[in-house]
Amino acid sequence: MKFNALLVAAGLAVAPLLANAQLTVEITGAGANRLPVAIAEFTGERIVAQALTSVVRADLERSGLFRLVDAGAPLADNVSPPFEDLKTRGVDAVAGGSVSTAGEGRYETRIRLTDVPKQAALGTPAYLHTGAQLRATAHRISDYVYEKLTGEPGVFSTRIAYVVKSTGRYELKIADADGSNDQAALASREPIISPAWSPDGAKLAYVSFEAKKPVVYVHDLASGRRHVAANFKGSNSAPAWSPDGKRLAVVLTKDGSSQLYVVNVDGSGVTRIASSAGIDTEPRWSADGQYIYFTSDRGGSPQIYRIAASGGNAERISFEGSYNVTPRPSPDGKSLAFITRNGGRFQLALMDLATKQVQILTDSTKDESPSFAPNGRMILYATEIGGRGVLAAVSADGRVKQKLSVQAADVREPAWGPLVR
Amino acid sequence: MRALISLSALTLLLAACGSQPPAPEQNPAGVESRTPSGVKVETPQVKEVKPDAAFDPNSIAALKDPRSPLSKRSVYFDYDSYVVKDEFQGLLGAHGKLLAANPKLKMLIQGNADERGSREYNLALGQKRADAVRKALTLLGAREDQLEAVSLGEEKPACSDSTEDCWARNRRGDMLYSGEF
């Protein structure tokens, strides 16, 4: 028998080969009422090679909730902003700051966020960081500004996972939410699907076909080590983490067709949690751990159901149409993203779980694999543009839209990572 | 041209591959995917089957003999369906008999789906198709422990155009014998 080389690396060993494969984010739609903000150049910012404030501006712009206004001049954190000038420019909030050296190759960045109409400081956080942590610091500043101005947590410091398929090669990649710093966690000649982040962001569960059949792995991102979480006779797929990170819901076919089971993360303690004569798949826990949502054809066509995580009868959730799949409950538990077939087109939809009202969020034709941002604001999903796999993101109200693509390769299977505190 | 394989060479392979596919952690290297039409078995003892050799429908050599139904390895399905159509009963009957006559022979059945819709749902659909082939083979003489039904979902299409012809070719179950997977 001939074996392929399978590359499992902790990222850095692989990343230099893939420098041109970065995900680029393009804004294709913005919110209706964007808050006008100015991020002034920070004093001393030029001592660091890479501009801090340009990353902050790009973050805020990409969110679709802000309109970036030119501040006119650099602004420090320890001086009063030029309120009259900023009012003339129509600015509602302004951030100024300073970057200074702090010894041992480190920097201190201090910022002041100010409400312009009220002429009141909203906060003055400080960050100690190395030159290598410049982008990470910028994302933390963006998170701070975003949370102060919108009241909800920012997700600029989170990471996303996705699969890039080029000729004869599949890579499971991890990148910052803005597409930068991409690293390959795994490269294989066989398909990789269904990556799912552990709630602490340290591990990814996924399905790899390297054994000529689907097997579920759990991969520790820091060490690059992984273990088999489910490899039974037949197919093993669709891993989903319990909110406490101790268990995985998986789909196994060891007892017949695709059915739902729960296993401990180490693969022990296999327990069947639902039973049907047909297909049950795509399990996903609600954030509160109360329910497991899944897709089943038990009623004749693929529809979305849920069962109590403690067991019991399945309750049908989707009713309109003959193909509703891939349920993803929102972080607040109030809505459900899923894929619906709508006149032959597969589109991302959002259901209000209280009223069961469904809104279709896209006008594309091959949407798949939705994944909520951890603050629930955006939904990342895979789609196809011009015959090529790309990622896209849309806000839960359908207004803000982004496209994330890689040159000359298919991108698919996105999973938005958790908030890291 | 399709590689041909002798009985003695396949017997060696059977001895080597007589157990379940090894767990990936013991054997982390993936084997290159081989669709039945492109099967190549690397062995020092490959022999051509002589065109005038006696034809035995239950011999393993018949797997590579284009005159034998055993040389066909794929069962095709309708959209969103996992029912084995009547036209494939003869093919499955031939493979069922071969498995019954050669109890050491093992088979991996890979179910496939077309690209439309959810990857995981398509994986489940491919599994249903592989299971339908597995069940048909057991009814026709194969033993359960000779067979493993798995799914490749929409991940390994035989054809990658978004056309009805192409989708039809991708909705299939493939039968791979020991040494071919």
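This is a short talk on the predicted model shown above.

First, the ground rules. Residues are numbered from 1 along each chain as its sequence is written, with chains lettered from A and ligands numbered from 1 in the order in which they are written. Because the model is predicted, local features need pLDDT of at least 70 and side-chain atom pairs count only at pLDDT 80 or more, while totals for chains, interfaces and linings use all residues.

Confidence next. For the complex, the predictor gives an ipTM of 0.92 and a pTM of 0.87. pLDDT is the predictor's confidence in each residue, from 0 to 100. Chain B averages 77, and 69% of its residues score at least 70. Watch residues 1-53 of chain B: pLDDT stays under 50 there.

Now chain A. Its domain bounds come from an automatic or database domain assignment. Domain 1 covers 7-17 + 158-416, and domain 2 covers 31-150. Their centres, over C-alpha atoms, are 35 Å apart. How many residues of each are in contact? 7 from domain 1 meet 8 from domain 2, where contact means C-beta atoms, placed from the backbone, within 7 Å. On the domain 1 side, the touching residues are 1 nonpolar, 3 polar and 3 charged. Here Ala, Val, Leu, Ile, Met, Phe, Trp, Tyr, Cys and Pro count as nonpolar, Asp, Glu, Lys and Arg as charged, and the others, Gly among them, as polar.

On to chain B. It has 4 helices and 4 strands, in the order α-β-α-β-α-β-α-β. These are DSSP runs, numbered from the N terminus: helices are H or I, at least four residues, and strands are E, at least two. Of its 181 residues, 40% are buried, meaning 20 or more other C-beta atoms, placed from the backbone, within 10 Å of their own.

Then the cores. A nonpolar core is a set of buried Ala, Val, Leu, Ile, Met, Phe, Trp, Tyr and Cys residues joined through C-beta atoms within 7 Å. The largest has 117 residues; A:Ala205, A:Val250, A:Ile379, A:Leu380 and B:Val133 touch the most other members. Which helix gives the most to this core? Helix α3 of chain B, residues 119-139, with 9 residues. Another core, of 29 residues, lies apart and includes A:Ala38 and A:Val116.

Last, one residue. B:Leu91 sits in helix α2 of chain B, residues 89-101. B:Leu91 counts as buried because it has 20 C-beta neighbours inside 10 Å. Beyond four places in sequence, B:Leu91 contacts B:Pro69, B:Lys72 and B:Val75.

Notes
Buried ≥ 20, exposed ≤ 12 C-beta atoms within 10 Å, placed from the backbone. Contact = placed C-beta atoms within 7 Å.
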